[in-house]
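Subject: Structure handover

Dear colleague,

Please find the sequence and structure below. My notes on what was found follow directly after.

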Amino acid sequence: RALADALMMNSSVGGLNLRGNAIGEEGGVLIAAMLKLTTALVALDVGNCDLGPKSLIFIVQALNAHPTLCSLRLDSPLLKSPQDIQSVLIHLGNSLVTNNVLTELTLEHCGITDDDL
């Protein structure tokens with residue numbers, strides 16, 4: 001919580017790499033809240049952070065409110081069912097329709113199949 005709170009008020013950190021830290025659902029929701037309030041970040045890596053569908057949906061919805069995030073890594077989330085994957089992809093698709101800043105999106109090891117596309 002302290003890191004997310006600090007980043008909400010920070011205007012100089014352009015990249016945040018939390019890869020491999022077990023921040024889980026609660027941490028992911030805090031990251032999403034931070035994204036809505038800061039404009040400094042241009043790169044965010046929350047791959048392999050034990051994020052589940054709820055936090056992933058919050059993060060991808062925050063893309064609509066974030067004017068500068070160019071790179072987002074969401075690798076290896078904890079998506080346990082095809083319904084989890086579909087739900088996240090639907091919200092991601094909706095966000096990408098209106099987001100014109102994101103240039104790099106990484107979804108490695110998300111369990112996405114050709115049926116999900």
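The buried residues of H3 pack against H2, strand S3 (71–73) and H4. Contact here means heavy atoms within 4.5 Å, and buried means under 20% relative accessible area, with exposed over 50% and partly exposed in between (1.4 Å probe, protein chains only). Helices (H or I, at least four residues) and strands (E, at least two) are DSSP runs, numbered from the N terminus.

Before the rest, the basis of the values. This is a predicted model, in which local features need pLDDT of at least 70 and side-chain atom pairs count only at pLDDT 80 or more, while totals for chains, interfaces and linings use all residues. Residues are numbered from 1 along each chain as its sequence is written, and side-chain values use heavy atoms, with hydrogens and water left out.

The buried residues of H3 are Pro 53, Ser 55, Leu 56, Ile 57, Ile 59, Val 60 and Ala 62. Because seven of its ten residues are buried, H3 is largely enclosed by the rest of the structure.

H2 and H3 pack at an angle of about 10°, and their axes are 8 Å apart. Axes are lines fitted to C-alpha atoms, for helices over the stretch in contact, and angles run from 0 to 180 degrees between N-to-C directions. The two helices H2 and H3 are therefore roughly parallel to each other (angles under 35 degrees; over 145 would be roughly antiparallel, 65 to 115 roughly perpendicular and the rest oblique). On the H2 side the contact includes Gly 24, Gly 28, Ile 31 and Leu 35, and on the H3 side it includes Pro 53, Phe 58, Ile 59 and Ala 62.

The core

The largest nonpolar core has 27 residues, and Leu 16, Leu 44, Val 46, Ile 59 and Leu 72 have the most contacts inside it. Such a core is a set of buried Ala, Val, Leu, Ile, Met, Phe, Trp, Tyr and Cys residues joined through side-chain atoms within 4.5 Å. Helices H2 (24–37), H3 (53–62) and H4 (82–98) each supply at least two residues of this core. H3 gives the largest share, five residues. Leaving aside neighbours within four places in sequence, Leu 44 is in contact with Leu 16, Ile 31, Leu 35, Leu 69, Ser 71, Leu 72 and Arg 73.

Salt bridges

The whole structure holds five salt bridges, each a side-chain nitrogen of Lys or Arg within 4 Å of a carboxyl oxygen of Asp or Glu. In one of them, Asp 45 pairs with Arg 19, with the closest N and O atoms 3.0 Å apart. Asp 45 sits in strand S2 (residues 43–45) and Arg 19 in the loop between strand S1 (15–17) and H2, 26 residues apart. Asp 45 is buried at 8% relative accessibility, whereas Arg 19 is partly exposed at 34%.

Arg 19 also forms a salt bridge with Asp 75, at 2.4 Å between the closest N and O atoms. Asp 75 lies in the loop between S3 and H4, so this pair with Arg 19 ties together parts that are 56 residues apart in sequence. Asp 75 is buried, at 3% relative accessibility.

Asp 45 has a salt bridge with Arg 73 as well, the closest N and O atoms being 3.7 Å apart. Here strand S2 is linked to strand S3, the two residues being 28 residues apart. Arg 73 is partly exposed at 22% relative accessibility. Through shared partners, salt bridges join Arg 19, Asp 45, Arg 73, Asp 75 and Glu 108 into one network.

Regards
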